[in-house]
Amino acid sequence: MKTLRSCLLTSCAAALLGLSVLGAAAQAQDLAMAPEKAPVPFRVEPYLVTPAPMAAEDAESARPFHEEIRIPGATWLQVRFGDYDLGENSYLTVTGIQDGVEQRLTAKTLPQAYGVSAIFNGEGVDVDLHIAPGDSGVFVDIQEVNVGQDPFFEESQCGGTDDRTQTTNNRVGRIMPVGCTGWIIASGIYLTAGHCIGASDNTLEFNVPNSLSNGATQSPGPNDQYTIDQTSIVFFNDGAGQIGNDWALFRVNPNANTGLLPVQAYGGFYRVTHDHLPPTSGDNIRITGYGLDFDDLTFNQTLQTHIGPFVSETIEAGNDVVLRYQVDTEGGNSGSPVIVRDIGGSHTIGIHTNAGCGNFLGLPTGSNSGTSFENNDLENAINTASGSTTEYVDGAHVSPTESGTVFHPWDTVAEAASAVPSGGTVAIVQGTYTAAGLVIDGTKGFTITAPVGTVTLQ
């Protein structure tokens with residue numbers, strides 16, 4: 001396939017086969033209208049349990065609340081709680097029977113999780129209420145259970161073979177249960193496709209294990225699951241399949257067990273740019289995400305990556321800018337980073353959103369596509385997500401100009417300290433910096449943050 005892919009454009013494939021160029025292009029355009037999310041199959045089962053409120057003395061004289069939830073045939077379970085009162089120091093534990101992993105939920109972390117547990121592999125979980133001394137009126141209602149089901153498949157890729165390979169990458173997570181990809185950028189926020197985000201899409205997972213032999217997804221332990229902060233979401237998706245204007249930003253809450261954010265637990269992030277479009281030759285674009293897999297079902301919706309050629313960027317309007325590339329993706333890749341390989345592999349130029357590649361007699365036709373960071377609203381949302389008075393410093397960012405934005409950060413702390421207004425923020429991206437030329441103006445105060453890792457100033 002590598003030799004066949006030297007003929008990459010729709011017109012080239014059509015000419016080789018003696019076909020109408022317009023007909024092949026029209027077919028590719030139809031394919032391109034399909035957003036590439038892959039909802040993980042599940043059903044919602046009512047599971048109403050409403051125990052009476054308890055106090056610490058009740059727990060001493062009788063068994064604390066314990067519920068064994070067993071649903072035969074489930075590939076995973078997620079418990080949704082109703083009303084509750086966990087007092088000051090009481091807490092819930094949810095334990096997965098298959099893997100023996102446990103999540104602790106408190107009066108602080110349960111509302112952060114919107115009343116929903118982590119996802120646990122297998123057919124059963126145990127829910128236990130632990131009542132602390134001095135607490136009274138403690139209770140929790142179980143409302144319903146999300147029940148994972150066996151998957152189904154619909155294929156879409158470039159050319160006759162799926163050339164993606166499994167990879168590890170702590171910058172990229174899986175959004176469940178919608179079946180999409182989300183990833184972190186240098187400002188500490190996360191990006192995905194606009195059609196991937198919503199109130200039910202509440203979990204971002206890292207270190208995702210292989211799926212079952214029939215392709216049913218499996219989740220990591222609770223320590224690697226993070227609730228999406230619904231109040232942080234900024235997105236656009238017109239619902240009509242408009243490519244080039246489909247994007248979302250969000251943050252996550254600290255992990256309920258560890259208290260850490262993903263960047264604190266794993267490190268790693270991508271930089272954003274709109275100044276480095278690659279040439280339309282060579283394998284210079286990489287897409288990494290959680291797409292479906294039809295060749296090895298144990299790889300289904302696990303992290304895979306592929307590289308291929310950049311095709312074009314089309315500016316149809318200020319808020320409608322389409323990237324096209326011939327890189328293998330599948331449903332579930334929506335939201336993946338569009339990574340530029342020839343400037344170090346840590347810079348991205350947009351968000352993958354749509355299928356469009358096809359296959360005719362083993363040759364790729366059309367292209368997959370996404371939203372470029374040239375989209376004005378997306379660029380503005382990224383630049384202002386941490387406040388309009390934030391000045392960014394990133395010495396490793398490949399930028400032709402410097403203005404203190406995420407896209408054009410300063411390369412020295414001194415420049416940012418000089419530019420930041422009173423009451424603003426200097427956000428320093430992970431790395432080692434010199435204090436040369438740094439003068440702190442005593443007439444203005446500002447905050448210094450390190451959004452994505454350790455910063456050393458010497």
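Student: Is Arg80 buried, partly exposed or exposed?

Tutor: This is a predicted model, and the accessibility values are computed from it. Buried means under 20% relative accessible area, and exposed means over 50%. Arg80 has a relative accessible area of 22%, so the class of Arg80 is partly exposed.

Student: Which residue meets the side chain of Arg80 in a salt bridge?

Tutor: The N to O distance in this pair is 3.3 Å. The cut-off for a salt bridge is 4 Å.

Student: What is the N to O distance in the salt bridge of Arg43 and Glu45?

Tutor: Arg43 is partly exposed at 30% relative accessibility, and Glu45 is partly exposed at 25%. Their side chains meet in a salt bridge, with an N to O distance of 2.8 Å.

Student: Are Asp394 and Arg271 buried or exposed?

Tutor: Asp394 forms a salt bridge with Arg271, the closest N and O atoms being 2.6 Å apart. Asp394 lies in the loop between strand 26 and helix 7 and Arg271 in strand 16 (residues 271-272), so this pair ties together parts that are 123 residues apart in sequence. As for accessibility, Asp394 and Arg271 are both buried.

Student: Which residues do salt bridges that share partners join into one network?

Tutor: A search of the whole structure finds 7 salt bridges. Salt bridges that share partners form one network, and the residues joined in it are Asp162, Arg164 and Asp293.

Student: What is the relative accessible area of His408?

Tutor: His408 is placed in the loop between strand 26 (390-393) and helix 7 (413-419). Leaving aside residues up to four places away in sequence, His408 touches several residues, among them His274, Asp275 and Glu402. His408 counts as buried because its relative accessible area is 11%.

Student: In which helix does Asn383 lie?

Tutor: Asn383 counts as buried, because its relative accessibility is 17%. Not counting residues up to four places away in sequence, Asn383 touches Tyr392, Thr405, Val406 and Phe407. The element that holds Asn383 spans residues 376-384 and is helix 6.

Definitions and conventions:
Residues numbered from 1 in each chain as written. Predicted model: local features only at pLDDT ≥ 70, side-chain atom pairs only at ≥ 80, totals over all residues. Heavy atoms only, no water. Helix = DSSP H or I, 4+ residues; strand = E, 2+ residues; numbered from the N terminus. Buried < 20%, exposed > 50% of the residue type's maximum accessible area, 1.4 Å probe, protein only. Contact = heavy atoms within 4.5 Å.
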